Structure formats: C-alpha cells, structure tokens
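Trainee: I have a structure open and would like to know what stands behind the words used for it. Please take me through them.

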Amino acid sequence: EFLTDLLGGWGLQVVAHADGAAARDAFAEDPQGFDAVITDQTMPKLTGLQLARQVSRLRPGIPVLLCTGYGEDLKPRELEAAGVRMLAKKPVEPQQLRELLGAVLPNSNKSPT
C-alpha cells in the first residue's frame, strides 16, 4: 500500500497485487500495458525472481526492479538472466526508487512526477 500511494503520488498509474501469481496473470493479459515491474523477492506463490523470469519471457526487455532485504544470495548473472535490471535493498528510500524508475521509464531523462 505504501508503494502504491507513493508511486501514485508521483503521477504514475499503479497496478498492485498481493502475490506473484496474480501479478504474473495481470501482466500476461496485457504485457504492453506496463512500463516497468516492481517486485519483492519474498512474496506468496512466486518469488520476485520467478516473477521477473516469467514477465521477461512474456515481454523481453521490460524493466524489472527487484526489492529485497536478502539479496546477498542473488548472483548478478542470475538477476540478469531473469531480466532484473535493478536491485534495491530494503528498506528502499523513496528518492532512490524515484531515481531508479526515472532511469528506465519512458521519457527517462526526467524523474517520474
């Protein structure tokens, strides 16, 4: 809810789901309807890495931001192979998130507003 409110406050349209399988299913219905995917590594039904792999298969190149408090075990090659472009250690500061998203969203020459 915090991220939904934060991103919405920046003027971004947000689609949020409580588990990875629901997020994957929503993405599969309209892969072109999303500019980026933000996911948590620890979620019910699918991990963030599993979700990243699946959405990247549906739409190669979609920017995926993986948030985790336990990223020490994630290898750079594993992240890259899954389509993860950005890794954010929790707790994620709003300014850090804004900068990461600004780098990958359309019109990335400016931060989301």
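Trainee: Where does Q96 lie?

Mentor: Q96 lies in helix 5 (residues 94-104); helices are DSSP runs of H or I with at least four residues, strands are runs of E with at least two, and both are numbered from the N terminus. This is a predicted model, in which local features need pLDDT of at least 70 and side-chain atom pairs count only at pLDDT 80 or more, while totals for chains, interfaces and linings use all residues. Residues are numbered from 1 along each chain as its sequence is written, and side-chain values use heavy atoms, with hydrogens and water left out.

Trainee: Why is Q96 called partly exposed?

Mentor: Buried means under 20% relative accessible area and exposed means over 50%, with partly exposed in between (1.4 Å probe, protein chains only). Q96 has 31% relative accessibility, so it counts as partly exposed.

Trainee: Which residues does Q96 touch, leaving out those up to four places away in sequence?

Mentor: Q96 touches A88 and K89; contact means heavy atoms within 4.5 Å.

Trainee: Which residues of helix 5 are buried, and what covers them?

Mentor: The buried ones are L97, R98, L101, G102 and V104. Their cover includes helix 1 (2-9), strand 1, strand 2 and strand 3.

Trainee: What makes strand 2 largely enclosed?

Mentor: Five of the five residues of strand 2 (residues 64-68) are buried, so the rest of the structure largely encloses this strand. V64, L66 and T68 cover one side, L65 and C67 are on the other, and all are buried.

Trainee: How do you know that strand 2 pairs with strand 1 and with strand 3?

Mentor: Pairing requires at least two bridges found by DSSP. Strand 1 (residues 37-40) is joined to strand 2 by four bridges, running parallel, and I38 stands opposite L65. Strand 2 and strand 3 (residues 84-89) are parallel too, over five bridges, with T68 opposite K89.

Trainee: What do strand 1, helix 3 and strand 2 make?

Mentor: They make a right-handed β-α-β unit, with helix 3 at residues 48-58. Right-handed means that, with the strands pointing away from the viewer, the path from the first strand over the helix to the second runs clockwise. Strand 2, helix 4 (residues 76-82) and strand 3 also make a right-handed β-α-β unit.

Trainee: Which residues touch the most other members of the largest nonpolar core?

Mentor: Of its 15 residues, these are V37, L49, V55, I62, V64 and V84. A nonpolar core is a set of buried Ala, Val, Leu, Ile, Met, Phe, Trp, Tyr and Cys residues joined through side-chain atoms within 4.5 Å. Helix 3 gives the largest share, four residues.
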